[in-house]
Protein chains: 2
Amino acid sequence: MYYAVIFTTERTDVDDGYEETAARMVELASGYDGFIGIESARSGTGITVSYWRDLESISRWHENAEHRAAQEAGYEKWYRSFKLRICRVEREYEWERE
Amino acid sequence: MYYAVIFTTERTDVDDGYEETAARMVELASGYDGFIGIESARSGTGITVSYWRDLESISRWHENAEHRAAQEAGYEKWYRSFKLRICRVEREYEWERE
């Protein structure tokens, strides 16, 4: 099985590099060992779910220096609040229209 | 610990009751035993994450007759594709600006 990191955010009104940094984080995470995929949506609340092979990959990504700097900027200016949940995916079902 | 159901969707162009049904499903789920909360966002991709006390509550909700009818309508007209992942929340972290 694999893991999901559910990151739910409420933004401030401050942009100041937010979109660029968010795009850069996706790019950077995608190159990490253990990265499986990422899904993102915002309408008021933002939800980003990234998928990882194991807890070790999640820890390594969390400690990446550039990611750390982005986290700091998140606390300082971009987020009003957030929740981060680390989950183990137990079952999944996928469907596509023919 | 508790569980998260990550429901990721791509919509068709068909509305036909979609918003009303989505709102009704939130209302209905909220009254279910074992329901903890729900978060939703859409920008192209839609992500809805609902939180539940245990797997039994998730099963009961999945089998609710009105929910079943909504699932059928989803297959028939509302979704191009979707993924459903049932996850166990292992760790969480929450932050709010002072």
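Student: Which residue forms a salt bridge with Arg85(A), with the closest N and O atoms 3.6 Å apart?

Tutor: That is Glu39(B). Glu39(B) sits in strand β2 of chain B and Arg85(A) in strand β4 of chain A, so this pair joins two chains. A salt bridge here is a side-chain nitrogen of Lys or Arg within 4 Å of a carboxyl oxygen of Asp or Glu. Helices and strands are DSSP runs (H or I, at least four residues, for helices; E, at least two, for strands), numbered from the N terminus.

Student: Before we go on, what should I know about the model and its labels?

Tutor: This is a predicted model, in which local features need pLDDT of at least 70 and side-chain atom pairs count only at pLDDT 80 or more, while totals for chains, interfaces and linings use all residues. Residues are numbered from 1 along each chain as its sequence is written, chains are lettered from A and ligands numbered from 1 in the order in which they are written, and side-chain values use heavy atoms, with hydrogens and water left out.

Student: Are Glu39(B) and Arg85(A) buried or exposed?

Tutor: We read that from relative accessible area: buried is under 20%, exposed is over 50%, and partly exposed lies in between (1.4 Å probe, protein chains only). Glu39(B) has 14%, so Glu39(B) is buried. Arg85(A) has 6%, so Arg85(A) is buried too. Arg85(A) also has a salt bridge with Glu92(B), where the closest N and O atoms are 3.7 Å apart.

Student: How many salt bridges are there between chain B and chain A?

Tutor: The count is 5. Over all chains, a search of the whole structure finds 23.

Student: How do I read the contact between the two chains?

Tutor: Start with who takes part. A contact means heavy atoms within 4.5 Å, and this one takes 39 residues from chain A and 39 residues from chain B. Then look at buried area, the accessible area (1.4 Å probe) that two parts lose on being put together, summed over both. Here that is about 3400 Å², with carbon and sulfur atoms giving 54%. On the chain B side, Arg85(B), Trp95(B) and Arg97(B) lose the most area to chain A, together 18% of what that side buries.

Student: Which element supplies the largest share of the side of chain B that touches chain A?

Tutor: β4(B) does, with 18 residues.

Student: What does β4(B) do with the strands of chain A?

Tutor: Strands pair if DSSP finds at least two bridges between them. β4(B) is joined to β4 of chain A (residues 79-96) by 15 bridges, and the two run antiparallel. For one of these, find Ile86(A): the bridge partner in β4(B) is Arg91(B).

Student: Which strand is joined to β2(B) by 8 bridges?

Tutor: β3(B) is, and the two run antiparallel. Ile38(B) has Ser50(B) as bridge partner in β3(B). The two strands form a hairpin with 1 residue between them, and Gly44(B) in the turn has a positive phi of about 80°.

Student: How would I describe chain A as a whole?

Tutor: Count elements, then read their order. Chain A has 3 helices and 4 strands, in the pattern β-α-β-β-α-α-β along the sequence. Its C-alpha trace spans about 40 × 30 × 20 Å along the principal axes, and buried residues make up 46% of its 98 residues.

Student: Where can I find a salt bridge inside chain A?

Tutor: Look at the side chains of Glu10(A) and Arg80(A), which meet at 3.9 Å, N to O. They link distant parts of the chain, β1 (residues 3-11) and β4, 70 residues apart. Glu10(A) is at 22% relative accessibility and therefore counts as partly exposed; Arg80(A), at 45%, counts as partly exposed as well.
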